[in-house]
Amino acid sequence: MNAQTTDDAVTERTTRRAVVTGASSGIGEATARELRRRGWEVVATARRADRLDALAAETGVEPVVADLTSPDDVARLTARVAEIGPVQALVNVAGGALGVESVEQGSEDDWRRMFETNVLATKDVIATLLPLLREGASADANGFVHADIVTVTSTAASVRYEGGAGYSAAKAAEAALVDVLRLELAGEPIRVTDIAPGLVHTPEFSKVRLRGDADAAERIYEDVDHPLVAGDIALVIAGTLELPGHVNLDKIVVRPIAQAAHYKLVRGPLEVRGPGERS
């Protein structure tokens, strides 16, 4: 596969297609919607058929129900993508956190599930779809032939905090997977990007992590002036995919202004201060 075009090379693509995982809610759903708004064809996959069907009816995505921790489901997803047509991008969003217990008290089942959904499923989807991404790579407006793999990790991959060992470990492993993949694909025009969000207010993430305690989940975002929402991350993902094909953003850390660092979250209104004033 040559990144440069020749006289009879692939012409500029008019229709782009992306596979988006975790598309039944949160960042995955928002990404599917944003890409469709921009004219992309989208294969949207997740476990919940009712959510996918509703998304398909509203936006025109191609729904594929799959549990990505099942190798059989991943194989079925890949076969369906191959049937639908060329694919230029894979956006890995599926994952999540379970529990806030200490290392001593944490559930092995929770840790196992987090590694399965955040690491092993990501690995399996990438491995099975890579041949299709190579085949589907196409030219941008400048004639540069390329494909994309974007993976949503977390700032938890690089910052440790009490009660977050299992999730941090899983996301650190996922981030390592992305970094190694970029090295292994060096020499091919396949961009590999890690998008690491900080505080994002989505309806389900914290509620699932806190065993369904909606009040406790909402307190995480209480009095935060404009926390990020799923649509903000979707804009970053879509913008990354639509950069000129030779431009690779290795890692993007995305936080709300109110969160200066993983551990520095300001509650209350954001206000311009005078010289010498500090929060």
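Predicted model: local features only at pLDDT ≥ 70, side-chain atom pairs only at ≥ 80, totals over all residues.
Two strands count as paired if DSSP finds at least two bridges between them. Strands (E, at least two residues) and helices (H or I, at least four) are DSSP runs, numbered from the N terminus.

Residues are numbered from 1 along each chain as its sequence is written, and side-chain values use heavy atoms, with hydrogens and water left out.

I begin with strand E4, residues 89-92. E4 pairs with strand E6, residues 145-152, in the parallel sense over four bridges, and Leu 90 stands opposite Ile 149 there. Strand E1, residues 17-21, also runs parallel to E4, joined by three bridges; here Val 19 is opposite Leu 90. E1 in turn pairs with strand E2, residues 41-46, through five bridges in the parallel sense, and Thr 21 has Thr 45 as its bridge partner in E2.

How do the side chains of these strands point? In a regular strand the side chains alternate between the two faces of the sheet. From E4, Ala 89 and Val 91 point one way and Leu 90 and Asn 92 the other, and all are buried, buried meaning under 20% relative accessible area, exposed over 50% and partly exposed in between, with a 1.4 Å probe and protein chains only. From E1, Arg 17, Val 19 and Thr 21 point one way, with Ala 18 and Val 20 pointing the other. Because five of the five residues of E1 are buried, this strand is largely enclosed by the rest of the structure.

I now move to the helices. Two packed helices are described by the angle between their axes and the distance between the axes. The axes are lines fitted to C-alpha atoms, for helices over the stretch in contact, and angles run from 0 to 180 degrees between N-to-C directions. For helix H4, residues 108-136, and helix H5, residues 165-184, the axes come within 7 Å and cross at roughly 15°. H4 is therefore roughly parallel to H5; angles under 35 degrees count as roughly parallel, over 145 as roughly antiparallel, 65 to 115 as roughly perpendicular and the rest as oblique.

Helix H1, residues 26-37, and helix H8, residues 230-241, have axes that come within 8 Å and cross at roughly 50°. H1 is therefore oblique to H8. In this contact (heavy atoms within 4.5 Å), the H1 residues include Ile 27, Ala 30 and Leu 35, and those of H8 include Ile 233, Ala 234 and Ile 237.

Finally, some loop residues. Leaving aside residues up to four places away in sequence, Thr 155 touches Ala 196, Pro 197, Gly 198, Val 253, Arg 255 and His 262.

Most residues other than glycine have a negative phi. In the loop between helix H7, residues 214-219, and strand E9, residues 228-229, lies Asp 223, whose phi is positive, near 65°. Asp 223 is exposed, with a relative accessible area of 53%. His 226 is in the loop between H7 and E9, and has a positive phi of about 60°. At 66% relative accessibility, His 226 is exposed.
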